[in-house]
Amino acid sequence: MHQRGTAKNPKQAFQVRRSSLSAWQIEERTAGRKTVDLKRAQKHEKRKQQSASVQPGNSTQDHLEQALTYFERVKDYIPLKKNEVLQKHLTTVESIALQRGLSPEGLDVLLNVALSGHLADTVNTRILKCLIPASVIAENSVVSAVSRLCVGKCSGSTQLLFLRWLIAMFDFIDHKEKLHALYGFFFCSLQDEKLCPYVCHLLYLLTRRESVSIGFSLLFLFFQGMQPHLQALLSLYKLFCPELVSITLPAKTKTYFKNSESLWKAAINTIRRRNQGTSPTSQQLILGTGHPQSRKRKWNTQLILPACSADTNNPTRSKEINHADILSHSESFPVEQLHTFSQLLQNIHCLEFPSQMGSVLRNSLLLHYINCVKDESIYLRLYYWMGQTLQEECTWYKLDNQQYEEEFKDFLDIVYKTECFLQEGFSSCEEFLYKSLPLWDGFCCRSQILRLVSWIPLSSFSEMKPHLCEPLAQLFFTSSLYFKCSVLESLKELLQNWLNWHVIQLDMESDPKISPLNTTLSGLVNSVAELIHFVGWIATVALRLENNATFLLYFILDFYETVCDVYLKYNLPLLVMPPPGVFYPALLSMDAVSLNQLCYIMYRYRTNLVAAKENELIKKTILQFKFSSQTYQEYNQYIMAMVGCLWTSSAFQKDIHPQGIRLDPEVLKKTKVQEVRNSFNIVHHPALMGYAILFLQQVRVHLTGLQGLKLFIESSINRVSQVSQTKSGNAQV
């Protein structure tokens, strides 16, 4: 590739691009000169009226009006040194802006003076840093500010700071149509090396499908290297028009863009917290006031946006729409006008998503759209936005974020609910978990983090192990009983989500492009098996650490209730038996619930194994996966131990499992336990002692609530039906 040319002077970078402005802008500027005095008079009169409406004694508004009038009248260069008047008005604007924000008119005045070149760079920087909107930013003010860049009077540092401000305040701009018309102008600004990262970010927010052209795509071929900001823009172009971008792009990038809003974050948060106590009418002016405001606008942004000027609001437009109109309709439908499901169906072909994707997470209609229309550009925007937000706001990454833990929890809850709605995990969340778990203490945002773990997308287990399993195991073994149970519950949900994705994939085999899984069946089987073995290992160690706690055993057996039905319920050719360190503590448990769970699990294992054996006999030449003889052997060993323990009273003599409970007769004699052979049969088992007492009281047995034990006895003890005997013979169990 050729070396990318850069402008020697940032001022020249914009000067040479004056011709990029659209004709309508030039006409607007020409007409604007004729009426500039009238507009200024109107603005001044409007500010006087606002000042008059302020309660007597409140001089703050008067001081702000005086400062804005002063800056509006600046025509020539004014130095800051020894200029007490300028310093006074500048301090007034800074103080009020940081406390309560500025009106659209005030922002317009300050933008113009900051980019006019009439003030020193120090003053321009201070003005741009205090441009905090109290409500919205007028699009015309932004367009006017962009046009001032072409004059070339402001320095390169001021231009760069203005671009950062524009990116940070993008969602506060009331309309975007004129900004979209300036797309070509911004694109030409990429040749400036210092401005390029921020121009890419701005273009990323502005890009629509119609923004991509052959000229734009070919221009990137002249750029040397592949910086992250260029990757982001090219990735978006490639999604919209893959035939125009032939460059191979990396699948994942850590961070596409630099953080542009850090300078204004604290001020915006202060204003938001203050506005929470104001009237509902004034709150509606702030983006996303449908719910209590978070300190981070970008994750709490609602779609209660300012009214859009799109012609969809035209009352003269017919409400009737036919199929021909839909096919020929090329205008976009802004999401702030989307309120009903019928509107979504009528405008699904021309829906215009917000540039900042935070607003999507709280809008069920847009989530329905994402679920139905597989638009990769939306997922790309979500991937970038969510990844950067998680990294910047993680409370254990930065000490400054610890005071906002509750708000970070709220954000993680929103992300989790979105994943549940879409029935799909975000890859950006996966990357965040892999980065954050080694640094996580196991306490901060515990429930939120573990719920996000349950939606990690299916991938190779060898990739997951060092990033997820190892740090999670370290916390698991050193944390409380409650934390261990929470981790087991999360891993059970992760397994269920993987299995559900597999079922969906089977239903979509006719259209593999729609499939959410990028893996083969053998890869899926291996990943699921490795996950089950991992849970079996940590469960065995946990039971030893917690002295076979009943509460912990319940969550472990609950996990295996899913494992035992993988073949029949999820159509996955896999069955993994529980390890001996789980099976025997459950068999000898003092709790009836645990014993009942184990009996039900073994009953379902038998049902799945019998069905698998029958399918092997029927489809010998078709089946690619068969259960190994070791699986049947391990099942038979467990069944012999259970029957010998619960029914024939021979568990300590005939258990043949290598890690079983078989004991030598001499050892049994040394225990000096009377009738030791009967200690764990169905009559004397400690877990069933309450039912034995009930038998003595009522002279008959009621296995109320022990359905698993009932099913196990009917299916695995000698007194079974002829059908069950036949199935058992075929399965050789």
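**Exercise 1. State which residues form one aromatic cluster together with W396 in this predicted model.**

Solution. Starting from W396, the cluster takes in F408, F432, W440 and F483. For the chain, the count comes to 20 aromatic pairs.

**Exercise 2. Classify the ring pair of F162 and W165 as stacked or edge-to-face.**

Solution. First, take the distance: the ring centres of F162 and W165 lie 6.1 Å apart, and rings pair if their centres lie within 6.5 Å. Next, take the angle: the planes of F162 and W165 stand at 25°, and planes under 30 degrees apart count as stacked. The pair of F162 and W165 is therefore stacked. As for their setting, F162 and W165 are three residues apart in helix α8 (residues 156-168), so that about one helical turn separates them, and both F162 and W165 are buried.

**Exercise 3. Classify the ring pair of Y554 and F555, and decide for each residue whether it is buried or partly exposed.**

Solution. The ring centres of Y554 and F555 are 5.5 Å apart, and because their planes stand at 85° the pair is edge-to-face, the cut-off for that class being over 60 degrees. Turning to accessibility, buried means under 20% relative accessible area; F555, at 17%, therefore counts as buried, whereas Y554, with 39%, is partly exposed.

**Exercise 4. Find the rings over which the charged ends of K484 and K613 sit.**

Solution. The charged end of K484 sits over the ring of F476, at 6.0 Å from the ring centre, while that of K613 sits over the ring of Y632, at 5.3 Å from the ring centre.

Key
Residues numbered from 1 in each chain as written. Predicted model: local features only at pLDDT ≥ 70, side-chain atom pairs only at ≥ 80, totals over all residues. Heavy atoms only, no water. Phe/Tyr/Trp six-rings, centres within 6.5 Å; stacked < 30°, edge-to-face > 60°. Helix = DSSP H or I, 4+ residues; strand = E, 2+ residues; numbered from the N terminus. Buried < 20%, exposed > 50% of the residue type's maximum accessible area, 1.4 Å probe, protein only. Lys NZ or Arg CZ within 6 Å of the ring centre and 35° of its normal.
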